[in-house]
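Please walk through this protein chain with the structure open beside the text.

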Amino acid sequence: MSLSASNAMTIVATAAALSLPISFCRTTKLSTRKGVKGGFRVFAVFGEQSDIEKKNAWSTLFDVEDPRSKFPQSKGKFLDANQALEVARFDIQYCDWRARQDVLAIMLLHEKVVDVLNPLAREYKSIGTVKKELAELQEELGEAHRQVHISEARVSTALDKLAYMEELVNDKLLQDRATTSSEEASPSPSTSTQSLDSVKRKPPRKSLNVSGPVQSYHPRLKNFWYPVAFTTDLKDDTMVPLDCFEEPWVLFRGKDGKPGCVQNTCAHRACPLDLGSVNEGRITCPYHGWEYSTDGTCEKMPSTRLHKVKIKSLPCFEKDGMLWIWPGADPPSATLPSLQPPAGFQIHAELVIELPVEHGLLLDNLLDLAHAPFTHTSTFAKGWSVPSFVKFLTPTSGLQGYWDPYPIDMEFRPPCMVNSTIGISKPGKLEGQSTKQCSTHLHQLHVCLPSSRGKTRLLYRMSLDFAPVLKHVPFMNFMWRHFAQQVLNEDLRLVLGQQERMNNGANVWNWPVTYDKLGVRYRQWRDALERGDKQLPFTKST
Ligand code: FES
Ligand SMILES: [Fe+2]
């Protein structure tokens, strides 16, 4: 007899591993195939009866309702994508229940073995009887174990089916979207123009269209608060020059210490103001000494009569250690967003890096984790294996979720921010855990500011919820910068290559797959914004 306490524990653990929440979507090709007229033929994978009715001390673990009575009534028919997804979800529920029943069977058999071996009971039985009973139980246990393995395989198949269905549903959404936009008079792809030819042609299956030369930024994209610099980079007598939406601006502090943002071009003869200096809260042009306040009013014009001159300025505020501007023509929204790291995290590095790629392409890259084991082989993903299936799950909101199988939470925050929290267990061991299961974390904020044409001003902030002492280690900021630059360089050569291809007409979203969900949603959000949709997808309000 071989069923020991540790075996029993293993079985309990297996049961726990099999008990996946229904929202944990994965997939199968086995009993699913595409039907006619965009429908799907789906066959649910259930059939046999439960033979376990008895409950025992462990029963709370197995107290899951038999889901068979709730099976969606559509077997054998052609279903639409969502009905098919429902059936696939039901399969998971059923397999989960079935697996619990199988494990319960083993637990009950284990109890019987203990009874048979009980010394008190043995006194009333001959050795021969005990042996016979044990042999029978061993046979039953062998059968129950086989059943558990079958259940395991079925769960895996059902998960495969669910992921496959999810992929089909996503594809269908993309197709519907492509059809709608081809029917519209003037679809406006987010980063590019379309040739007349490509508008007339039926859009290829499964594609967003992001191709052609990088175009001017759409004005609607400007109607947001944009963080453009870190507070610590702007002293009382310094300036921060920056490009935003293809216009040069300069930040400096007024006499009251409050920040201002004015055009970085002198009204007199267009000299860049950031070549000058800041004195008593005014920025001074280095050419003929004209001086401007933070609202752009020229307050001094040496060697001539003071004319009434004002240069452009933007609303500018300071919050959460960042300087924000509103570049849009619409009135600014009343509240500034918050980009603080989560509670318990300390900021360890703040970097600003100018990159020669269009900000949408950079966002696409940051919102994609599936590339890590292929691209970041010299940095953070060194030694990572390539998972058989990578996906991004969004249980609560369309633009926020977590990666499977990586312990990484991620969020696209309109208009151009990416928040990510990475659970750190052991170096090189990222798979198979959730972010919550890890005791230490790294939080990253990437702000991809559209600067000049085909360029991005990247603001990067890194925070940790451990090792606060690192913050005080000399030159640590240089080390973080070096590491961030190394990671970016691994991406940059690829994204630059994409940009070159895109400029020559290639579509950088030609064939999205399951793990591209977050990037695709970013594009859908941006396209809807640029089209002028009242309600933007994946957001509660416009
Ligand atoms: S160009 Fe600025 S003062 Fe003359
Ligand atoms: Fe990357």
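Leaving aside its neighbours within four places in sequence, which residues is Phe345 in contact with? They are Thr421, His441, Leu442, His443, Ser463, Leu464 and Asp465. Contact means heavy atoms within 4.5 Å. Phe345 sits in the loop between strand S14 (322–325) and S15. Phe345 counts as buried because its relative accessibility is 16%. Buried means under 20% relative accessible area, exposed over 50%, and partly exposed in between (1.4 Å probe, protein chains only). Leu464, one of the contacts of Phe345, is 119 residues away from Phe345 in sequence, yet their C-alpha atoms are 5.2 Å apart.

A word on the ground rules. This is a predicted model, in which local features need pLDDT of at least 70 and side-chain atom pairs count only at pLDDT 80 or more, while totals for chains, interfaces and linings use all residues. Residues are numbered from 1 along each chain as its sequence is written, chains are lettered from A and ligands numbered from 1 in the order in which they are written, and side-chain values use heavy atoms, with hydrogens and water left out.

Now the whole chain. There are 9 helices and 21 strands. Helices (H or I, at least four residues) and strands (E, at least two) are DSSP runs, numbered from the N terminus. Of the 542 residues, 48% count as buried. Among contacts between residues at least 6 apart in sequence, 66% join residues at least 24 apart.

Arg461 lies in strand S21. Its relative accessibility is 2%, so Arg461 counts as buried. Arg461 and Ala349 are separated by 112 residues in sequence, but by 5.7 Å from C-alpha to C-alpha.

Next comes helix H8, residues 476–503. The expected span of a helix is 1.5 Å times one less than its number of residues. H8 has 28 residues and so should span 40 Å; its end C-alpha atoms are 39 Å apart, which agrees. H8 bends by about 30° at Leu492. The bend is the angle between axes fitted to the seven residues ending there and the seven starting there. Leu492 is also among the buried residues of H8, as are Trp480, Glu490 and Asp491. Their cover includes strand S15 (346–355), helix H6 (359–366), helix H7 (372–375) and strand S21 (456–464). After H8 comes Gly505, with a positive phi near 105°.

H6 also meets helix H9 (residues 517–531): their axes come within 8 Å and cross at roughly 145°. Axes are lines fitted to C-alpha atoms, for helices over the stretch in contact, and angles run from 0 to 180 degrees between N-to-C directions. H6 brings His359, Gly360, Leu361, Leu363 and Asp364 to the contact, and H9 brings Gly519, Tyr522, Arg523 and Arg526.

Last, the rings. The whole structure holds 11 aromatic pairs. Rings of Phe, Tyr and Trp (its six-membered ring) pair if their centres lie within 6.5 Å; planes under 30 degrees apart count as stacked, over 60 as edge-to-face and the rest as tilted. Phe224 and Trp525 make a tilted pair, at 5.9 Å centre to centre and 55° between the planes. Phe224 is in the loop between helix H5 (196–200) and strand S4 (226–230), Trp525 is in helix H9, and 301 residues separate them. Trp525 is buried, because its relative accessible area is 1%. Phe224, Phe412, Tyr522 and Trp525 form one aromatic cluster.
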